[in-house]
Every structure is written in C-alpha cells, then in structure tokens.
Amino acid sequence: METRTEAVDLVGDDAAINLARAALFAALVGAFAYVSFPFPFSPAPVTLQVLGVFLAGILLGPVWGGVALSFYLVAGALGAPVFSGGSAGLGTLLAEPTLGYLWSYPIAAALVGGIVHRGTTLRNPREIGVATLVGAMVAGTVVIYTFGVIGMAVVLSLTLPEAFLQGAVVFLPAEAAKIVAAIGILRSDAIAAA
C-alpha cells in the first residue's frame with residue numbers, strides 16, 4: 001500500500017513574510033518605547049515610538065503597518081512591557097494620559113502607508129519623493145496628536161486648549177526631528193541593501 005503525502009500551506013509565503021515583518025515592527029516600536037524621558041511641560045514623556053509608527057507605515061504599507069501597530073497594542077495589553085518606560089497592561093490603554101496616543105498608532109501607520117504608497121500596493125520607498133514622505137508623516141502626526149490630546153483631556157480633566165498645549169504643541173520640535181530621522185533612515189544605504 002502506497003502512502004502519499006503532500007505539503008499543505010496553511011499560510012502563503014507572502015502572508016508569513018508580512019506577519020513576520022509586522023511582528024518585527026511591533027517589537028521595534030516596543031524597543032523605541034524604552035527611549036523615554038519625562039518632559040517638564042507635559043504629563044506624557046518623549047519617546048521614539050512615533051518614529052516606529054512612521055517607519056511601519058512607510059515600509060510595510062497601510063495594511064501591514066496598521067497590523068504591526070495592532071500587534072504592538074495587543075502585546076502591551078497582555079502584559080509585555082512595550083509601552084513608554086516599560087509599562088504594560090490594559091490599564092495603560094484605558095486610564096493613562098497617553099492612552100490616546102497609543103490607540104492612534106495603528107490608524108496613523110495605516111494613514112502614513114496609504115499616503116506614501118497611494119493605496120495598498122507597495123512602492124519602493126527610495127522612489128518616493130521627500131515631499132510625499134514629509135506630508136504623510138505630518139498627516140500621521142495630526143492623527144496621533146488628535147487622539148492624544150483628546151485622551152489627555154479626558155483622563156486628566158483638562159480643557160482641550162490645555163491638553164493641546166501640553167499634549168501637542170510642546171512636542172512639535174521632537175516630531176520634526178523624528179520626521180528628519182525617518183527620512184535619513186529611508187535614504188540610507190542600509191535600507192537600499194535590504
């Protein structure tokens with residue numbers, strides 16, 4: 001009696017690669033959360049997480065960039081110490097002044113990716129103009145700060161102008177530096193070789 005076996009692909013190669021990349025970017029944003037220091041003018045710390053959000057959207061596109069940041073939120077909610085300063089848990093997503101920023105990350109990554117790639121089909125990031133990259137990251141920043149300011153206002157019982165000042169305006173120079181850093185990373189020879 002002859003036995004035949006066939007390979008069964010439960011997940012296609014492209015899906016497996018994209019899942020791995022999304023998990024990698026979720027971990028990268030978690031690592032960037034450790035680059036965190038208190039900011040004297042805001043209850044929210046300065047971190048590098050937004051740089052990871054930008055890069056996920058640009059390099060993974062709108063679908064997988066959004067998935068990567070969703071993985072990040074799920075990991076943090078389940079207890080992985082991936083939020084700013086190594087914090088974790090569902091409470092961070094529901095009751096901390098930074099909750100709005102965190103919830104915005106998948107949406108911002110998807111928006112950045114959608115603008116950069118003009119849809120869901122990925123384009124080579126090195127062929128995308130600087131103006132498009134900057135515009136996409138500025139749009140992502142607007143989403144992040146909209147959610148962040150509203151979350152901060154609710155959690156800390158601030159007026160919207162107070163929350164806007166403490167949760168957005170004071171961070172604009174840091175965001176400009178992250179946009180410059182993202183463009184530098186994207187234009188580096190390391191990305192070209194990948």
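**View 1. Two helices, α3 (90-95) and α4 (99-117), each supply at least two residues of a nonpolar surface patch.** Helices here are DSSP runs of H or I with at least four residues, strands are runs of E with at least two, and both are numbered from the N terminus. The model is predicted, so that local features need pLDDT of at least 70 and side-chain atom pairs count only at pLDDT 80 or more, whereas totals for chains, interfaces and linings use all residues. Residues are numbered from 1 along each chain as its sequence is written, and side-chain values use heavy atoms, with hydrogens and water left out. The patch covers about 480 Å² and is made by Leu90, Leu94, Trp103, Ile107 and Phe147. Patch residues have over 30% relative accessible area and no salt bridge; like charges are joined within 9 Å, and nonpolar side chains (Val, Leu, Ile, Met, Phe, Trp, Tyr) within 5 Å. A salt bridge is a side-chain nitrogen of Lys or Arg within 4 Å of a carboxyl oxygen of Asp or Glu. Accessible areas come from the Shrake-Rupley method with a 1.4 Å probe, and for residues only the protein chains shown count as cover.

**View 2. Leu94, one of the patch residues, is found in helix α3.** The relative accessible area of Leu94 is 57%, and Leu94 is therefore exposed (exposed means over 50%, buried under 20% and partly exposed in between, with a 1.4 Å probe and protein chains only).

**View 3. Arg118 lies in the loop between α4 and α5 (130-156).** Although Arg118 is not a glycine, its phi is positive, at about 55°. Most residues other than glycine have a negative phi. With a relative accessible area of 65%, Arg118 is exposed.

**View 4. Ser157 has its place in the loop between α5 and α6 (160-167).** This residue, which is not a glycine, has a positive phi of about 55°, and Ser157 is exposed, with a relative accessible area of 65%.

View 5. From the N terminus on, its elements run α-β-β-α-α-α-α-α-α-α, and the C-alpha trace spans about 75 × 40 × 25 Å along its principal axes. Buried residues make up 41% of the 194 residues in the chain. Among contacts (heavy atoms within 4.5 Å) between residues at least 6 apart in sequence, 70% join residues at least 24 apart. The accessible surface of the chain comes to about 9800 Å², of which 69% belongs to carbon and sulfur atoms.
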